[in-house]
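Subject: Structure handover

Hello,

Here is the structure you asked about, with its sequence. My notes on what was found follow below.

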Amino acid sequence: MTKKGFLFDLDGVIVDTAKYHFLAWQRLASSLGISFTEAQNEELKGVSRVRSLEKILEWGNKTLTPEEFAQCMEQKNRDYLHYVYQMEASEILPDVPRVLAYLQQQQQAIALGSASKNARIILDRVQLTDQFHAIIDGTNVTKAKPDPEVFLIGAQQLGIPPADCIVFEDSVAGIQAANLAGMISIGIGDHAILHEATHVFQDFTGITNTFLDQLLHAAAV
């Protein structure tokens, strides 16, 4: 059995921090006199903080000076971190600990591949940091998904060829990044949205240990 590399996105895969991003963006938008809906928040999934604020300003037909823009960015992150620092292990999504534990038992290489600059804080809060052999976050990458940079760096740090890596992602951009990296992509969420993935599951409760064994014994992509 060839040793494989398993790379996990964070938001929407291991924990659901989308609700905290929504609350922080909504508070900021409200302070600018802009209404901000949960449907619009969905459009910000996997999008950088800069581009997210640009989109909100476009929706509200508002312009800001560079100084005001920077202040808004800082305010949003402060509000978001306020929620993050209250996170607990109970917020890990169902069956994620089982999958991580099984991969550890099988002595597989495990990495986090997230665009979030707060990824390490979140992992610490939910007590999962020691489950990962490598953590690649927004401080390590310069190109956003669907560019495969984050996953290629992860594979390099794990010492596993990209063809022997498996990525768990909940966003279209993330699935595209995994595919461009030449890795097996596993979508977590709606099949209609994530149909470009090699496999799609609604959540980790559908990912059996038998399926993980199949991944472990599969030939390189």
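**Salt bridges**

Lys145 and Glu169 form a salt bridge in which the closest N and O atoms are 2.5 Å apart; the term stands for a side-chain nitrogen of Lys or Arg within 4 Å of a carboxyl oxygen of Asp or Glu. This is a predicted model, in which local features need pLDDT of at least 70 and side-chain atom pairs count only at pLDDT 80 or more, while totals for chains, interfaces and linings use all residues. Residues are numbered from 1 along each chain as its sequence is written, and side-chain values use heavy atoms, with hydrogens and water left out.

The two partners of this bridge are 24 residues apart and link distant parts of the chain: Lys145 is in the loop between strand 3 (134–136) and helix 7 (149–158), and Glu169 is in strand 4 (residues 165–169). Helices (H or I, at least four residues) and strands (E, at least two) are DSSP runs, numbered from the N terminus. Lys145 has a relative accessibility of 14% and so counts as buried. Glu169 is buried too, with a relative accessible area of 0%. Here buried means under 20% relative accessible area, exposed over 50%, and partly exposed in between (1.4 Å probe, protein chains only). Salt bridges with shared partners join Asp9, Lys145 and Glu169 into one network.

The structure holds nine salt bridges. Another of them pairs the side chains of Lys19 and Glu91, at 3.7 Å from N to O. Lys19 lies in helix 1 (residues 18–31) and Glu91 in the loop between helix 4 (66–84) and helix 5, so the pair ties together parts that are 72 residues apart in sequence. Lys19 is partly exposed, at 39% relative accessibility.

**Helix 1 and helix 4**

Asp79 and Arg27 also meet through their side chains in a salt bridge, 3.5 Å from N to O. Asp79 is in helix 4 and Arg27 in helix 1, 52 residues apart. Asp79 is buried at 8% relative accessibility, whereas Arg27 is exposed at 53%.

Axes are lines fitted to C-alpha atoms, for helices over the stretch in contact, and angles run from 0 to 180 degrees between N-to-C directions.

On the helix 1 side, the contact includes Tyr20, Trp25 and Arg27, and on the helix 4 side Cys72, Asp79 and Tyr83 are among the residues. Contact means heavy atoms within 4.5 Å.

**Helix 5 and helix 9**

The axes of helix 5 (residues 96–105) and helix 9 (residues 209–217) come within 11 Å and cross at roughly 40°. Helix 5 is therefore oblique to helix 9. Arg98, Val99 and Tyr102 of helix 5 meet Asn209, Leu212 and Asp213 of helix 9.

**Asn118**

Asn118 is located in the loop between strand 2 (109–113) and helix 6 (119–125). At 8% relative accessibility, Asn118 is buried. Leaving aside residues up to four places away in sequence, Asn118 touches Asn77, Tyr80 and Leu81.

Regards

Technical notes: Parallel < 35°, antiparallel > 145°, perpendicular 65-115°, else oblique.
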